[in-house]
Amino acid sequence: MGRFDQVRVNLRRAYEQRLEKARIEREEAAAASPAPEDPPPALEDGHASTGHASTGHHSTMSRDDAEVPHGLRITAAWSWRLLVLIAALAVLLFLVSRLRTVLIPLSIALLLSALLAPMMGFLRRRVKLPPSLAAFLVLITGLAAVAGVLTLVVSEFVDGFPALADKASVGVNQIQGWLTTGPLHLNGSQLDATFDAASNWLNDNRGSLTDSAVSTATATIEFFALLLLVLFVTFFFMRDGHRIWLFLTGVLPTPARDPIRRAGEAAWRTLVAYVRATVLVAFIDALGIGLLLVIINVDFWFPLATMVFLAAFVPIIGATVSGAVAVLVALVDEGPISALVVLIGVIAVQQLEGHVLQPLIMGRAVSVHPLAVIVAISTGVVLAGIIGALVAVPLVAVLNTGIRHLVQHRHEPPPDAVIISAD
């Protein structure tokens with residue numbers, strides 16, 4: 001028996017001895033006092049008095065409490081408990097905002113570990129590789145795949161950007177002509193004044209733009225530092241994830257240790273299923289919109305399809321933003337008819353995702369209410385920006401599964417374990 005368990009057993013024994021002593025004293029006092037000849041008078045609220053100061057209701061502690069309506073006592077009890085929960089939640093959010101530099105890499109590494117878990121399991125069970133070698137091979141393979149996709153995206157963007165810039169200039173001239181000859185009937189002086197105002201704004205804010213460039217360089221350095229930390233943590237999550245979880249839950253009290261471990265394992269299975277399903281749904285979305293862009297002959301179809309794939313990891317908002325960018329590029333590249341076709345295709349793909357793919361692939365195990373999704377994304381954006389929006393929904397799904405598992409598998413205490421004192 002550990003030292004902590006021994007201390008807990010001693011405290012429990014002393015508590016039971018104190019209860020037994022109090023019970024014996026109450027029995028001796030009841031035997032020594034004479035029985036009342038007349039029934040106790042009734043209080044104003046209809047409850048009979050037992051001669052104790054806490055009469056009026058079995059939940060009151062004094063006669064003053066008995067004068068307070070029962071509904072008000074219940075409301076007050078709920079109120080202070082809710083205030084404590086709100087204060088705890090506020091402290092938790094404050095700590096998350098202060099420690100987001102550490103929590104964000106941990107969250108991203110957790111998602112990457114869940115994404116790479118099937119490959120890791122295959123190398124461990126089928127190929128019989130040691131944990132360190134399997135984690136290293138999986139991590140290197142994932143990095144090579146990401147680097148290859150980014151190389152294709154950047155090269156295609158660099159090759160096609162001059163043509164897109166020329167088409168954008170033609171589109172701006174067409175818009176300027178429409179503003180002059182269209183229903184607005186703007187004259188050249190008004191348009192020149194608008195462009196002059198834009199030029200003046202750029203000149204006035206040149207310093208802030210320069211500062212933004214400097215901050216962008218600083219953010220780039222921080223990004224690479226964050227990337228290295230994510231890779232480092234992901235490696236150890238894949239190699240020693242189960243041992244880390246056993247260590248973290250080992251500090252809990254013995255009665256809560258096994259339920260928390262089982263709830264964590266169920267939450268991990270939910271996270272793996274969520275990430276795999278999200279990748280599949282994102283691939284289907286990117287494939288559908290990418291084929292549509294290829295058919296219409298829109299430039300940058302591969303970068304746009306890649307953007308649709310990445311944006312699908314942010315539910316609801318990501319699909320809307322990526323679809324709007326695809327429509328704008330089609331408008332600049334091929335004109336309004338092609339943009340309208342792309343818009344119809346984006347809406348069709350989103351409807352297919354929301355009504356067929358999400359219920360079919362995600363299933364009920366990882367289902368989260370749309371209101372919870374919106375609130376989670378908004379909270380993630382406030383706390384950690386785009387990365388917060390990316391990790392908010394899977395974390396909510398994990399918490400949802402863990403809490404439900406604890407509620408469904410909790411063990412009610414036996415009746416003799418509930419001690420009700422008459423004092």
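Q: Why is Ala109 called buried?
A: Buried means under 20% relative accessible area, exposed over 50%, and partly exposed in between, with a 1.4 Å probe and protein chains only. Ala109 has a relative accessible area of 0% in this predicted model, and therefore counts as buried. Ala109 is found in helix H4; helices (H or I, at least four residues) and strands (E, at least two) are DSSP runs, numbered from the N terminus.

Q: On what basis are these values given, and how are residues numbered?
A: The model is predicted, so local features need pLDDT of at least 70 and side-chain atom pairs count only at pLDDT 80 or more, while totals for chains, interfaces and linings use all residues. Residues are numbered from 1 along each chain as its sequence is written, and side-chain values use heavy atoms, with hydrogens and water left out.

Q: What does Ala109 touch, not counting residues up to four places away in sequence?
A: Contact means heavy atoms within 4.5 Å. By that criterion Ala109 touches Val230, Val233, Thr234 and Phe237. The C-alpha atoms of Ala109 and Val233 are separated by 6.0 Å, although the two residues are 124 residues apart along the chain.

Q: What makes Leu133 partly exposed?
A: Leu133 has a relative accessibility of 37%, and therefore counts as partly exposed. Leu133 lies in helix H5, residues 131–181.

Q: Why is Lys128 called exposed?
A: The relative accessible area of Lys128 is 64%, and Lys128 is therefore exposed. Lys128 is found in the loop between H4 and H5. Its phi is near 65°, a positive value in a residue other than glycine. Most residues other than glycine have a negative phi.

Q: What makes Asn297 exposed?
A: Asn297 has a relative accessible area of 52%, and is therefore exposed. The loop between H8 and H9 holds Asn297. Asn297 also has a positive phi, of about 70°, although it is not a glycine.

Q: How do you know that H8 and H9 are roughly antiparallel or roughly parallel?
A: Two packed helices are described by the angle between their axes and the distance between the axes. Axes are lines fitted to C-alpha atoms, for helices over the stretch in contact, and angles run from 0 to 180 degrees between N-to-C directions. Angles under 35 degrees count as roughly parallel, over 145 as roughly antiparallel, 65 to 115 as roughly perpendicular and the rest as oblique. H8 and H9 pack at an angle of about 155°, with their axes 8 Å apart. H8 and H9 are therefore roughly antiparallel to each other.

Q: Which residues of H8 and H9 meet?
A: Val279, Ala282, Phe283, Asp285, Ala286, Ile289, Gly290, Leu293 and Val294 in H8 meet Trp301, Leu304, Ala305, Val308 and Phe309 in H9. By class, this contact has 12 nonpolar, 1 polar and 1 charged residues. Ala, Val, Leu, Ile, Met, Phe, Trp, Tyr, Cys and Pro count as nonpolar, Asp, Glu, Lys and Arg as charged, and the others, Gly among them, as polar.

Q: Why are H9 and H10 given an orientation term, and which one is it?
A: The axes of H9 (residues 301–311) and H10 (residues 317–334) come within 8 Å and cross at roughly 165°. H9 and H10 are therefore roughly antiparallel to each other. The contact is made by Leu304, Met307, Val308 and Ala311 of H9 and Gly318, Ala319, Ser322, Val325, Ala326 and Val329 of H10. Its residues divide into 8 nonpolar, 2 polar and no charged.

Q: What makes a set of residues a nonpolar core, and how many residues has the largest?
A: A nonpolar core is a set of buried Ala, Val, Leu, Ile, Met, Phe, Trp, Tyr and Cys residues joined through side-chain atoms within 4.5 Å. The largest has 18 residues, and those with the most contacts inside it include Ile108, Ala114 and Val393. Helices H4, H8 and H12 each supply at least two residues of this core, and H12 gives the most, with 7 residues.

Q: How many helices and strands are there in the chain?
A: The chain has 12 helices and 0 strands. Of its 423 residues, 26% count as buried.
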